[in-house]
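Student: I have a model to go through. Can we take it question by question?

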Amino acid sequence: MIYKWIGTILVMTGCGGFGFALAAASCREEQRLRQLLRALQYMHSELQYRLTPLPQLCRQAGIEAGGAIGGVLQSLAQELENQTLPDAASCMRAAIQSSPNLSPACRRLLVQLGRGLGRFDLPGQLQDIQAVKAACREQRRRLEKDREVRLRSYRTLGLCAGAALVILFC
């Protein structure tokens, strides 16, 4: 009988933990999008007013953003300084590879940013940064829409799935 109770607790904990992990992942993605927006705003201002060289710009934007996005931008700055890859887009892909915990949406936005950096003249780069900022804001808006209901649903679904499995197994 004690094994049934232990199994019940383990199943409930596992399923509930999965629901809570989904909710936490959603919150982390929102945080990374905020970091990316902060970095893009910084890059836009620096390019517009100071014409900062690209490796230095990425390093400073990484410091400004912090977190996982800051780490990717720091890696990008290092890749650009090493000059082992032919362009900023390739360097960005290499920098993203070094940070496997990014969501697909963040990866897509960073790749889009990498394609425009260092490729165009100043107005083109500023326009590309604005386009990435707009896409990032849209993605963030989608995540923030009904956030509380969605997070509560993830948690509840995990717990209910655990309860259903317990009922089926007992």
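Tutor: A salt bridge here is a side-chain nitrogen of Lys or Arg within 4 Å of a carboxyl oxygen of Asp or Glu. The model is predicted.

Student: What is the N to O distance in the salt bridge of Glu138 and Arg141?

Tutor: Glu138 and Arg141 are 3 residues apart in helix 6, so about one helical turn separates them. Glu138 is partly exposed at 31% relative accessibility, and Arg141 is partly exposed at 44%. Their side chains meet with an N to O distance of 2.5 Å.

Student: Which residues are linked with Glu144 in a network of salt bridges?

Tutor: Glu144 pairs with Arg140, with the closest N and O atoms 3.0 Å apart. Glu144 also pairs with Arg147, at 3.9 Å between the closest N and O atoms, which is within the 4 Å cut-off. The network links Glu144 with Arg140, Arg147 and Glu30.

Student: How many residues does the largest nonpolar core have?

Tutor: Leu117 is one of the residues with the most contacts inside this core. Leu117 touches residues including Met43, Cys58 and Leu76, which are also among those with the most contacts inside the core. The core has 35 residues.

Terms used
Residues numbered from 1 in each chain as written. Predicted model: local features only at pLDDT ≥ 70, side-chain atom pairs only at ≥ 80, totals over all residues. Heavy atoms only, no water. Core = buried A, V, L, I, M, F, W, Y, C linked by side-chain atoms within 4.5 Å. Buried < 20%, exposed > 50% of the residue type's maximum accessible area, 1.4 Å probe, protein only. Contact = heavy atoms within 4.5 Å. Helix = DSSP H or I, 4+ residues; strand = E, 2+ residues; numbered from the N terminus. Lists of a residue's contacts leave out its neighbours within four places in sequence.
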